[in-house]
Amino acid sequence: MFIPPDQTVNAVTFLRNDILCGSIGLVRDQECRILSSNPRYTYGCLSESIYTLTIPAENMTESEQGSVWRCEYFADDTFKSSDATLTIASM
């Protein structure tokens, strides 16, 4: 995710099937701060423009199969990623 022109907020929102799963960003002191979260997922800040959402293996259930994910710029949701569909490989 990139910071859109004329914007200063370094944060994104993650959505699963168009439902909020969490928001994360860097605050003024460059501290990674989770603004809202779902306890099923783990969040992280890798840089001013790279944020992560991880589904721990113990939370990877059949309900995640085929879910559609997207992230959006926190301050203006017209800036967003392409949708990504989660496919769980069979073992």
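This is a predicted model: local features need pLDDT of at least 70, side-chain atom pairs count only at pLDDT 80 or more; totals for chains, interfaces and linings use all residues.
Strand S2 (residues 19-26) is joined to S1 by 7 bridges, and the two run antiparallel. Within that pairing, Ala11 has Gly25 of S2 as its bridge partner. S1 and S2 also form a hairpin with 2 residues between them, and in the turn Asn17 has a positive phi of about 50°. Toward S6 (residues 68-73), S1 has 5 bridges, again with an antiparallel run. Here Leu15 has Arg70 of S6 as its bridge partner.

How many residues of S1 are buried? In strand S1 (residues 10-16), 7 of the 7 residues are buried, so the strand is largely enclosed by the rest of the structure. Both of its faces are covered: one side carries the buried residues Asn10, Val12, Phe14 and Arg16, while Ala11, Thr13 and Leu15 are buried on the other.

**A closer look at Thr13**

Thr13 is found in strand S1. With a relative accessible area of 11%, Thr13 falls under the 20% limit, so it counts as buried. Its side chain makes a polar contact with the side chain of Ser23, at 2.9 Å. Leaving aside residues up to four places away in sequence, Thr13 touches Leu20, Gly22, Ser23, Arg70, Cys71, Glu72 and Phe74. One of these neighbours, Cys71, brings us to the cysteines.

**The cysteines**

How many disulfides does a search of the whole structure find? The search finds 1 disulfide. Cys32 and Cys45 form it, with their sulfur atoms 2.1 Å apart. The link of Cys32 and Cys45 is right-handed, with 75° about the S-S bond. Cys32 lies in strand S3 (residues 32-37) and Cys45 in strand S4 (residues 42-45), so the pair ties together parts that are 13 residues apart in sequence.

Cys21 is in no disulfide: the nearest cysteine sulfur, that of Cys71, is 12 Å away. Cys71 is likewise in no disulfide, and its nearest cysteine sulfur is that of Cys21, 12 Å away.

| Cysteine | Relative accessibility | Class |
|---|---|---|
| Cys32 | 35% | partly exposed |
| Cys45 | 22% | partly exposed |
| Cys21 | 5% | buried |
| Cys71 | 14% | buried |

Put together, Cys32 and Cys45, which form the disulfide, are partly exposed, whereas Cys21 and Cys71 are buried.

Terms used: Residues are numbered from 1 along each chain as its sequence is written. Side-chain values use heavy atoms; hydrogens and water are left out. A disulfide is a pair of cysteine sulfur atoms within 2.5 Å. Helices (H or I, at least four residues) and strands (E, at least two) are DSSP runs, numbered from the N terminus. Buried means under 20% relative accessible area, exposed over 50%, partly exposed in between (1.4 Å probe, protein chains only). Two strands pair if DSSP finds at least two bridges between them. A polar contact is a pair of N or O atoms within 3.5 Å; within protein, one must be able to donate a hydrogen and the other to accept it, and residues adjacent in sequence count only if both atoms are side-chain atoms. Contact means heavy atoms within 4.5 Å.
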